[in-house]
Amino acid sequence: MKKMGLGRGLDALLPETNDLGNMVSMIAITELDRNPDQPRREFDEEALQTLADSMKEAGVLQPLLVVERNGRYRIVAGERRFRAARLAGLDAVPCIIRDFTPQEQMEAALIENIQREDLNAIEEAAAVRQLMDSCGYTQEKAAQRLGKSRPAVANLLRLLSLPESVQAYVVSGKLSAGHARVLAGLDDAEMQIALADKTIREALSVRALEKLAAQPKELPREKPAPRPLPLELQDMENKMREALGVRTIIKGNRKHGKITLQYYNEEELERLYQCMEWLEERG
């Protein structure tokens, strides 16, 4: 019988057998204990309730992985299903009992979290890094355990080198995993941030971002903010605006600069003309 729903990574931690059904035991909810070393700390309450509602109708379709300790059973993988089963009011859940080593327990919990579909790319990359650090795995070994190719794991881990602000965009959903992979291919952190901001601002597709990233030097940089006008020139600008009755803009400093007068109708133009005549008469 083909193993269903456990994922290739968790399959590697199960005994080789063609009869998974004989390995499953129904264990009372009251005999199960949470894993204190569970790497996943946050569980979406709304998603748990949705899963609980499904369990009321169809039961628990995927067994939990547990280890026996002093007559009780500690959850190795499946805490989300355990929480949902409690919400659903179930008395017992299907479990596969294994004699896991402490490292295998950590590995199984991490792999289950990595294989969850609701992780964003940054969370998945961080979980893979934790798996490697906790179990002493190389990228190749981690890839084998996860059922991924080594290049796929390497590309995922590169996302952790992105600037924090760019990673935050991915976590919040403002940038997709595809956008993040394109940005991770750049070496310039400043350019990564600039391109990320431009992608969000202009709602660029991954393909459009790839074209920009291929010619990063041509990306227009944001113009630096102009220096504030000295206070005496600000005062002069205000007085000229009041005296002339038109918009007045002064740029520069006390040594050099320019004054721009802007009119928006014939009345304002006539007022400027009268001011010029008045100055000419007193010249």
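**Before you start**

Residues are numbered from 1 along each chain as its sequence is written. In this predicted model, local features need pLDDT of at least 70, side-chain atom pairs count only at pLDDT 80 or more, and totals for chains, interfaces and linings use all residues, while side-chain values use heavy atoms, with hydrogens and water left out.

**Stop 1: the largest core**

Select Val128, Leu131, Leu159, Leu162, Leu183 and Leu195. These residues have the most contacts inside the largest nonpolar core, which has 33 residues. Such a core is a set of buried Ala, Val, Leu, Ile, Met, Phe, Trp, Tyr and Cys residues joined through side-chain atoms within 4.5 Å. Buried means under 20% relative accessible area, exposed over 50%, and partly exposed in between (1.4 Å probe, protein chains only).

Now colour the helices around it. Those that each supply at least two residues of this core include H4 (102–114), H5 (121–135), H10 (189–202) and H11 (206–214). H5 gives the most, with eight residues. Helices (H or I, at least four residues) and strands (E, at least two) are DSSP runs, numbered from the N terminus.

Next, centre on leucine 159. Leaving aside neighbours within four places in sequence, leucine 159 is in contact (heavy atoms within 4.5 Å) with Ala121, Ile122, Gln167, Ala180, Arg181 and Ala184.

**Stop 2: a second core**

Select Ile27, Ile29, Leu51 and Ala52. They are among the 19 residues of a second, separate core.

**Stop 3: salt bridges**

How many salt bridges does the structure hold? There are twelve. Each is a side-chain nitrogen of Lys or Arg within 4 Å of a carboxyl oxygen of Asp or Glu.

Go to helix H3 (residues 79–88). Arginine 83 and glutamate 79 both lie there, four residues apart, about one turn of the helix. Their side chains meet in a salt bridge (2.9 Å, N to O). Glutamate 79 counts as buried, at 1% relative accessibility.

Move to glutamate 232 and arginine 254. Their side chains meet in a salt bridge (3.7 Å, N to O). This pair links distant parts of the chain, 22 residues apart: glutamate 232 is in helix H12 (residues 231–244), and arginine 254 is in the loop between strand S6 (247–252) and strand S7 (257–262). Glutamate 232 is partly exposed, at 40% relative accessible area. Arginine 254 is exposed, at 69%.

Finish at arginine 282. Arginine 282 forms a salt bridge with glutamate 281, the closest N and O atoms being 3.8 Å apart. Are these two residues buried or exposed? Both arginine 282 and glutamate 281 are exposed.
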